[in-house]
Amino acid sequence: MTPVSDHGLPHASVVVAARDAAATLGDCVASLLALDYPADRLDVIVVDNDSHDDTARVIAGFGARVTGVHELRRGAAAARNRGLAAVQGPIVAFTDADCTVDRGWLRALAAALDDTAVGVSGGAIRAYRPATSMERFVEELHDHAVAMREKPPYAITMSWASRTAVLRDLGGFDARLLRGQDVDLAWRVVRAGYRLRYVAEAVVYHRNPATFADLFRQGYLHGRGESALRRIHAAHLAAAGAALHPVRRLARDVARFRHVRSLRPALYRLVFDLGKVCGGLAGEPT
């Protein structure tokens with residue numbers, strides 16, 4: 001990708017939704033403030049999603065360098081929409097409160113949006129270093145390049161940038177969804193005629209599950225979220241030839257890991273998929 005000069009960089013806002021995120025939010029915001037991006041064209045907006053810990057104090061500690069807003073409605077979708085409403089420039093990006101970003105992350109994502117046919121640019125999602133074998137396994141689950149080749153393709157808000165107008169025209173994130181809001185919006189972006197573009201050099205580091213209980217819980221939440229996506233996008237999924245059937249998805253996932261020669265990743269896969277099955281049986285979250 002051709003480097004973009006400072007002169008050609010658009011004004012960009014990075015939105016971070018934070019609920020009870022005091023333990024990780026400081027590192028996230030510090031990495032955003034260290035971005036290789038002109039300070040006079042960068043806004044960092046942190047949305048406190050009615051936290052009950054010291055999240056508000058962490059936000060305040062950054063002073064005028066960070067815009068803090070509050071959203072009482074539960075859920076990352078509602079929080080991100082509140083941040084989207086506060087954006088004043090042409091580019092909006094998202095990452096999570098338990099992520100940190102490489103210095104060139106935003107510059108690379110913004111460059112991809114020079115092509116007006118691109119509705120979302122998203123980068124590589126790595127496990128926070130140092131990483132255990134389980135955390136590296138989850139890194140494969142978060143493979144953004146694979147996500148953007150799915151049928152239908154989707155993007156992940158841990159590393160996402162769009163033109164502000166595109167997301168506003170589509171109504172932003174669906175605040176009814178407590179999980180899978182990024183998948184839902186990415187599908188609507190694609191249905192509106194835009195492409196998703198993977199940008200390998202735009203790297204974020206995410207604190208992945210490190211215990212079996214956390215891994216099961218992540219699978220469970222994914223399974224519950226898929227229930228709502230199946231209901232809302234049934235026609236779209238059928239047209240794309242992707243019914244999100246649990247057995248079909250499990251077979252595909254097993255095929256992805258068939259090269260693994262250690263039993264440990266297979267155990268991780270089993271725990272995660274068991275969580276997804278249980279979450280799917282429980283139904284969509286409310």
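These legends go with close-up views of a predicted model.

View 1. Let's start with the sulfur atoms. A disulfide is a covalent bond between the sulfur atoms of two cysteines. Searching the whole structure turns up zero disulfides. Take Cys28: its nearest cysteine sulfur belongs to Cys99 and is 6.7 Å away, while a disulfide needs the two sulfurs within 2.5 Å. Cys28 has 0% relative accessibility, so this residue counts as buried. Cys278, at 29% relative accessibility, counts as partly exposed.

**View 2. Phe137 meets Tyr268 in an aromatic pair.** The whole structure holds four aromatic pairs. In the pair shown here, the ring centres of Phe137 and Tyr268 are 5.6 Å apart and the planes meet at 50°, so the pair is described as tilted. Phe137 belongs to helix 5 (residues 133-141) and Tyr268 to helix 12 (residues 263-282), so the pair ties together parts that are 131 residues apart in sequence. Both Phe137 and Tyr268 are buried.

**View 3. Trp160 and Phe173 form a tilted pair.** Here the centre-to-centre distance is 5.9 Å, with 50° between the planes. Trp160 sits in strand 7 (residues 160-163), and Phe173 in the loop between helix 7 (164-169) and helix 8 (181-191). Trp160 and Phe173 are buried. Look for Phe94 too: ring pairs link Phe94, Trp160 and Phe173 into a cluster.

**View 4. Arginine charges sit over aromatic rings.**

Notes: Residues numbered from 1 in each chain as written. Predicted model: local features only at pLDDT ≥ 70, side-chain atom pairs only at ≥ 80, totals over all residues. Heavy atoms only, no water. Buried < 20%, exposed > 50% of the residue type's maximum accessible area, 1.4 Å probe, protein only. Phe/Tyr/Trp six-rings, centres within 6.5 Å; stacked < 30°, edge-to-face > 60°. Helix = DSSP H or I, 4+ residues; strand = E, 2+ residues; numbered from the N terminus. Lys NZ or Arg CZ within 6 Å of the ring centre and 35° of its normal.
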